[in-house]
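Hi there,

Here is the structure I promised to pass on. Please have a look at it first, and then read my notes below.

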Amino acid sequence: MSDPDLTTDAPPVVEPPVGTVDVTVTAPAAAPAAGHTGWKYTLPGGLLRAARPRQWIKNVLVFAAPGAAGISLTPGHLAPIFGAFAAWCLVSSGTYLVNDALDAEADRLHPRKRFRAVASGVVPVGTARAVGLALLAVGAGAPAAWGAPGVTGILALYAVITLSYSLWLKEMAIVDLAAVASGFVLRAISGGIAAHVAISDWFLIVASFGSLFMVAGKRHAEHLDLREGRGAHRATLEEYSLGFLSYVRSVSSGVAIAAYCLWAFEKAKLAGDPVLFQLSIIPFVMAILRYALLLDAGRGGAPEEVVLGDRTLQVLGLVWVALFAAGVYAA
């Protein structure tokens, strides 16, 4: 492996002529980068960026359990689910703001996170904390107001886990993976509670291990981005080797695929047209493999960006949803 910093072909040293004045010419320092301008670098724009509306795509998981159960597509049945989705958007944005306030110093050491609104100073730490707590209170309390206390309980649990993660769980290897993955699973569970449908054991296994698969990919991408400086940003990254993270991805994806196959075969036995559920296995497995390929290339730092940025993955996801939904509603 070649390294230009280790070359031994140094240029010859030229001594100044005797009797001349030795003048050292110092290269001018690089000019500081021009400040960002525009609405998104104002306080309101910074708050919107810190709320991460792009990551609301994760909250579509609240529709997974009701969709798998085949609920009636009427306004009365759909309204509580859309309400749960909106509540998750508020609560998740609140946790992002609070987390950014707590992690501002560490984020400044990250090559990308240092540009976040709080880490870069666009949004003061105190403001981010206050707005975040307000969103948490409103989002978690709203479902109880319309008669869904179970959803409020799930949202409160998510907030507790997330804030605990920001304070100390992120320093505990393995526990930090489970804490982040639990957010995806709780979203899926809350959808079933909002719609008053039973949640399949196979569904929970797929959701749990699929979430762990994505979180391990996120840590893998951070490992590659930060390299030797990873410990300063996240202590557990010092404990995770790339080989271990690859092992976690292999195990979690394997369990998710096996559980989905068993779930699909179980639903096929109960369906009037079992072929649709069996066919849905193909795009599901292909989507997992496609995501694994993107993770291997180091693109798993933000799962929502992976999904929104890869057309092949989007097509496979749509085909899988179409087949599964057709199987559910044709039964």
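R52, D100, D107 and R116 are joined in a network of salt bridges, a salt bridge being a side-chain nitrogen of Lys or Arg within 4 Å of a carboxyl oxygen of Asp or Glu. Before I go further, a word on where this comes from: it is a predicted model, in which local features need pLDDT of at least 70 and side-chain atom pairs count only at pLDDT 80 or more, while totals for chains, interfaces and linings use all residues. Residues are numbered from 1 along each chain as its sequence is written, and side-chain values use heavy atoms, with hydrogens and water left out.

D100 and R116 pair through their side chains, with N to O at 3.4 Å. Helices here are DSSP runs (H or I, at least four residues), numbered from the N terminus. R116 also meets D107 in a salt bridge, again with N to O at 3.4 Å.

D100 is buried at 1% and D107 is buried at 2%, whereas R116 is partly exposed at 21%.

The model has 9 salt bridges by this rule. Another of them links R219 and E222, whose closest N and O atoms are 3.3 Å apart. Both residues sit in helix α8 (residues 201-226), 3 residues apart, which is about one turn of the helix. R219 is buried at 1% relative accessible area, and E222 is buried too, at 3%.

Leaving aside neighbours within four places in sequence, D103 is in contact (heavy atoms within 4.5 Å) with S166 and K170.

Now the nonpolar cores, meaning sets of buried Ala, Val, Leu, Ile, Met, Phe, Trp, Tyr and Cys residues joined through side-chain atoms within 4.5 Å. The largest has 34 residues, and Y260, W263, F277, F284, Y291, L313 and F324 touch the most other members. Helices α2 (64-69), α7 (175-195), α8, α11 (242-270), α12 (275-296) and α14 (311-330) each supply at least two residues of this core. A second, separate core has 20 residues, including V151, L155, A159 and L186.

Lastly, G121 lies in the loop between α4 and α5 and is exposed, at 52% relative accessible area. G121 and Y41 are 80 residues apart in sequence, yet 9.6 Å apart in space, C-alpha to C-alpha.

Best wishes

Technical notes. Buried < 20%, exposed > 50% of the residue type's maximum accessible area, 1.4 Å probe, protein only.
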